[in-house]
Amino acid sequence: MVLGLGVLIAGAGITLAGCGSSSSGGGSSSGSGTRGGTYRVEATDFGFSNNFDPTGEYTTASWGIYRGLLVRTLVGYRMTGGVAGNQLMPDLAANLPTPTDNNQTWTFTLKSGVRFAPPVNRAITSRDIAYAFERIATPSLAAQYGFYYGNILGWDAYASGKAKTIAGITTPNDHTITFRLTSPTPDFLYRLSLPATGPIPKEVAKCFPNAGGYGRDLISSGPYMILGSAQLKITSCATVRPLSGFDPSTKLLLVRNPNYSPSTDTASMRTALPNAFSFVINTNQTDIFNRIRAGLVDDSMSAPPASIVASIAANASQKHLIRTGAADATSYISMNLTQAPFDDIYVRKAVNLIMDKTGLQQAAGGPLFGAIATHIVPNTMYNNDSSITGYDPYATPNSAGNLAAAAAQMKLSKYDPTHNGTCEVAACKNVFSVTGNTTQDINEVPVIQSALAKIGITLNVRELPPSAMIATVSSVAKNVPLALSQGWSKDYADPSTFMTLFESSSISPTGNINTSLVGLTPSLASQLQISIPKGVSIASIDARAQACSATAAAGVRQACWIALDKNLMENVVPWVPYVSGNNVHLVSSAVTVWDYDQASATTAYSHVAVNPSKQAS
Amino acid sequence: MVALGFLLGLTVLAIGAPLVADLIGHGPNDLYRTTMLDQYGLPKGPSLSFLFGADGAGRDLFVRVIYGARVSLLVGVVATAIAVLIGVTLGLVAGLRGGILDTVLSRISDVVLAMPLLLFAIGISSACSTTPQGCVKGTLTPGLNLVIVVIAIFSWPAMFRIVRATTMSLRQSAFVEASRAIGMSERNIMFREILPNLLSPVVVYSALLIPQSILFEAYLTFLGLGIPDSTPSWGGMLDQASQLFTVAWWLMVFPGVFLLATVLAFNLVGDGLRDALDPRSAQ
């Protein structure tokens, strides 16, 4: 998985699973859980990107564990599904502050009584949060979303070693921390909800000067801690050994943190009912779900395949075991605005109109696994605003494509010289396209090929392993005309985390996330050693995106992003968005409480409970 | 004879695949998702109009299986032909000339045999997949051609060794010595005296190499390194089946049975040829 500003999904089929509205389950589960038991989770692979060190960890699976169980941040979420789950709440902070200086100065007061888990045991101070930021700014620790904090005053000076502290972060006392920014950043609270900003005790973390090391000895600030924490000796770095409860290749075992005080927390964020959590690697995916059905395991970190979901959904006594939640992710086809025939907006509109989105949804596992997407940013991230929920500029019957409407657009393009509604020129034949080689990705190919053939576009599709697919698509030099089965999910619930995909500043030679090259200028193209076809003018949304980013008033800001989303869909047309993905979970019958963590797009581990008497062993 | 009959029938079916598809009215890439996929996108099983059921994309599996025979036979025959051509030519030269040339060619074949086959295939496939041009200036692009080249590269050394060893034995024989004594050129000795005597082992080994090539293509495609999905191949079908066989047995059974029967038939034909051409077997 390539990790960018958002999380670029390697083949939409890999991560996008599950659907919000479900006939057999739902986004959240109420229920009266009781304390006790162990919540048992299995995964084919943890997939941790930085050995579970919060500074560099950039996977939704790890974020779910951090937020619910181990790492508290100044600002958090309600830990539930839907729009409510994207609403910010104070966590370590006593209140959500009101920024001053045009959203450039943010001062927080910390709650009292929050302590680190053993063996540190002491109260968490503002200095521990400042230290977390210093780690993010330390290049050797490989923070993967440090760009969110680059406008903190003095950031670059600290990162380059020219300063001993970050000038823009001050801690006048143990309970106060102030951030001074160099530019207005109305979404700064969201950025403070990311787990890398959680407090880190220097007395332990200083022992790990390299990326990922601290993950083996993470000191919890949440309701649980890694097994073995109490036995850890931190008198010197020489005595610090990996905690017994964590081995990245086999297990992560959590027990209660005796220093956690529920009075410093809220039930809407964490109820912390199970006594323990076990996350165990089981490389056999089918076995995981068989074990869940048998009551031997309670949950999985990966989505069940459609074949298993279908068999469970067909069983009236088991269908309640399927739980779903919106992933705040969009699956899309990316069209390169510099490559024929997609350098013509009428062709791009025709592609949107001919696409069989229902077929693509079916290839993804059907409606349970995602709703049809009609624009860029998932509706949940617009708080289901009525001005966008019904918006579909390329509506077709049953979302299965409309040949007449597509042909009408194609007739207007330069690639249909005979104006017969199909592209007959060479530029439309054998168009180089890239996709993943997962089953879902491959199943999507014939749907796309079949649809495009109707307007005269044929594809030369390369099916690549996910990592190779991402490397190819994100290489500007490769200049892939059509990238199939792409996916993007949020880092936090602000549309800016999607819109950055279309800003010219996101275009880079490798690791490029602006795969449509929206906003590419002749000078930038020259730097990248690519060319813009003669007569083609590439639209830019830079100014509008920056204006939206700088807008603080929530309602106005949201309206600004919605207008930009519509502008992209109608006047730029870089994508064919087709599925707003959901996550599907299969839980055991021993699970009595289960909720969905909308912010992390996974199980809300802080809101689950099990009945041990129903757990098989 | 049964095996030969099966292969002949399969060849006819493969050649006539477009006619069969026309007759049924289902192309190999035609989608029937509304009728042959359920709400979860899972395929429906065999019926009168879809004899082998549908695959994961809602395509007619029967039509794709008979189209898949084309790929298997083509890969098997062409890759084997290339491997035989290389192996026989180099084996003849090495066996007849001996000396440094023999040593060099033998070591090259040893190197090829020592190469990690799958890693090499993955490397070539990856390197040639990320640009429209493929690699080697467009000579190698992912798909059928690349698979055939990879299989041929790894198949010729075995043929080379057989031919080289047989040639070395033959060049010491009385009839070759006699030819030399009467002044026959080395070239004529190679083509008129030795090559005809190599026919038996070459034919027999070729017949056994074909099923190996077919299986190798299936392996590569199963791993996502071979034929793209738009070209039906049994390996690709089995790859899809591995994800869905618990709910769609037909995805594994039909291509699997065809692959099994084809490989078995080629092996039986190879055994038969060996028995027929090897005088010791007759005794």
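Taking the bonded cysteines of chain A in sequence order, they pair 1-2, 3-4, 5-6. A disulfide here is a pair of cysteine sulfur atoms within 2.5 Å. Before the details, some ground rules. This is a predicted model, in which local features need pLDDT of at least 70 and side-chain atom pairs count only at pLDDT 80 or more, while totals for chains, interfaces and linings use all residues. Residues are numbered from 1 along each chain as its sequence is written, chains are lettered from A and ligands numbered from 1 in the order in which they are written, and side-chain values use heavy atoms, with hydrogens and water left out.

The search of the whole structure gives 3 disulfides over all chains. I will go through them along the sequence.

Cys207(A) is bonded to Cys237(A), with S to S at 2.1 Å. The two are 30 residues apart and link distant parts of the chain: Cys207(A) sits in the loop between α6 (202-205) and β8 (224-226), Cys237(A) in the loop between β8 and β9 (246-247). Helices (H or I, at least four residues) and strands (E, at least two) are DSSP runs, numbered from the N terminus. The S-S torsion of Cys207(A) and Cys237(A) is about -80°, so this disulfide is left-handed. Cys207(A) is buried at 16% relative accessibility, whereas Cys237(A) is partly exposed at 36%. Buried means under 20% relative accessible area, exposed over 50%, and partly exposed in between, using a 1.4 Å probe and protein chains only.

Next, Cys423(A) and Cys428(A) are joined, S to S 1.8 Å. Their torsion is about 90°, so the disulfide is right-handed. Both Cys423(A) and Cys428(A) are buried.

Then there is Cys548(A) with Cys560(A), sulfur atoms 2.0 Å apart. That link is left-handed, with -80° about the S-S bond. Cys548(A) lies in helix α17 (residues 542-550) and Cys560(A) in helix α18 (residues 554-572), so the pair ties together parts 12 residues apart in sequence. Cys548(A) is buried at 1%; Cys560(A) is partly exposed at 22%.

Now the chain as a whole. Chain A has 18 helices and 22 strands. Of the 617 residues, 62% count as buried. Among contacts (heavy atoms within 4.5 Å) between residues at least 6 apart in sequence, 75% join residues at least 24 apart.
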